[in-house]
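Please look over the two chains shown below before reading on.

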Amino acid sequence: MTTLEWANELRRSGRGERIETLPYAVMLGVIADHDGSDLKLIMPYRESLIGSPGRLHGGAIAGLLELAALSTLVLALPEDEPLPEIKPVTVTVDFMREGGMRDTFAAATITRLGRRIANLRAVAWQYDYSRPIAAANLNIVLARAAT
Amino acid sequence: MAEEILTGMLGRTSMMGRALDHVPHMKALGISFRGIDDGWVELEMAYSPDLVAYPDSGVIANGAIFALMDSTAGIAVVTGLRQSMPIATIDMRLDYLHPPAPFERLIGRAQCYKYTRSMAFVRGLAYQDSIDHPVANMVGSFVLPGAA
């Protein structure tokens, strides 16, 4: 399956559930939260996410942030246009607090959606959205098929 | 030459390898220690269908590459410290230069090029066959909370 095929499936379903079918998302145990209108992902605590004693691995948190951004972007692209290929080019993650042994949440917002580049910000938290454990800035190239 | 240096480092390498086996997330990702060479550290992430971004594509997810580079950078910082202490990533940036070849392992290479009393700065690359053809470029910074 290509990025494009998956993104089309995600858009057809109109909700975040399709994220749960991606192998890397399965490996992290990431699922979509169905509450509310905005897409929110949950990474329930599991031992395989641990990086050092009592703390989640930063890479797992980064993976969750990227999944939140990608799915938010796909669901926001205009429905009357063919989907472009979605290629993250630069991803910067700030780690603010340690991730404890509990469920982690993530949501993303689109800062700017252009024709060729999309800029997104994703935030991960555990107790409260206002106390983020990490945030990512993602610059994503939208590669459109020549017409 | 690198191989000779690595052979000399064998004791350290096998010790490091055993230490990494105890990190659950690195074990889950199939990350193993590859070697140390003059300030550089290399880890390897075996190809696995579990790490793939999109079903049947064989292409490793960017998130898994990020985890490989975060791990590699952390090991690079730790191996350069005179005494063992906890470290924490402050930030890390990856530029994805081209998609990885499908069904192939990835190597993370990182160097801690600057220590201050409370910080460590790292840079590195993710690559597959050749370091001259990197998949991603990494820069990051770590805090050394015990050293401040």
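In the contact between the two chains, 30 residues come from chain B and 31 residues from chain A, two residues being in contact if their C-beta atoms, placed from the backbone, lie within 7 Å. This is a predicted model, in which local features need pLDDT of at least 70 and side-chain atom pairs count only at pLDDT 80 or more, whereas totals for chains, interfaces and linings use all residues. Residues are numbered from 1 along each chain as its sequence is written, while chains are lettered from A and ligands numbered from 1 in the order in which they are written.

- On the side of chain B that touches chain A, the elements giving two or more residues are helix H3 (24–29), helix H4 (62–80) and strand S3 (88–96) of chain B; helices (H or I, at least four residues) and strands (E, at least two) are DSSP runs, numbered from the N terminus.
- S3(B) provides the largest share of that side, nine residues.
- By class, the side of chain B that touches chain A holds 18 nonpolar, six polar and six charged residues, where Ala, Val, Leu, Ile, Met, Phe, Trp, Tyr, Cys and Pro count as nonpolar, Asp, Glu, Lys and Arg as charged, and the others, Gly among them, as polar.
- Strand S5 (residues 85–95) of chain A pairs with S3(B) in the antiparallel sense over five bridges, pairing being assigned if DSSP finds at least two bridges between two strands.
- Within S3(B), B:Asp91 is the bridge partner of A:Asp94.

**The nonpolar core**

- The largest nonpolar core has 87 residues, and those with the most contacts inside it are A:Leu64, A:Leu65, A:Ala122, B:Ile65, B:Leu68 and B:Met69; such a core is a set of buried Ala, Val, Leu, Ile, Met, Phe, Trp, Tyr and Cys residues joined through C-beta atoms within 7 Å.
- Helix H3 (residues 58–76) of chain A gives the most to this core, with 11 residues.
- H3(A) is mostly covered, with 17 of its 19 residues buried, and a residue is buried if 20 or more other C-beta atoms lie within 10 Å of its own, exposed if 12 or fewer, and partly exposed in between.
- Leaving aside neighbours within four places in sequence, B:Met69 is in contact with several residues of its chain, including B:Met92, B:Leu94, B:Ala126 and B:Met138.
- In soluble globular proteins, nonpolar side chains tend to be buried together.

**Strand pairing in chain A**

- S5(A) also pairs with strand S8 (residues 132–143) of chain A, in the antiparallel sense over 10 bridges, and in S8(A) the bridge partner of A:Thr92 is A:Asn137.
- Strand S7 (residues 117–125) of chain A runs antiparallel to S8(A), joined to it by nine bridges, and A:Leu138 in S8(A) is the bridge partner of A:Leu120.
- A hairpin of six residues joins S7(A) to S8(A).

**The two chains as a whole**

- Chain A has three helices and eight strands, which follow the pattern α-α-β-β-β-β-α-β-β-β-β along the sequence.
- Chain B comes to four helices and six strands, in the pattern α-α-α-β-β-α-β-β-β-β.
- Buried residues make up 43% of the 147 residues in chain A, and 39% of the 148 residues of chain B count as buried.
- The C-alpha atoms of chain A fill a box of roughly 55 × 25 × 25 Å, taken along the principal axes.
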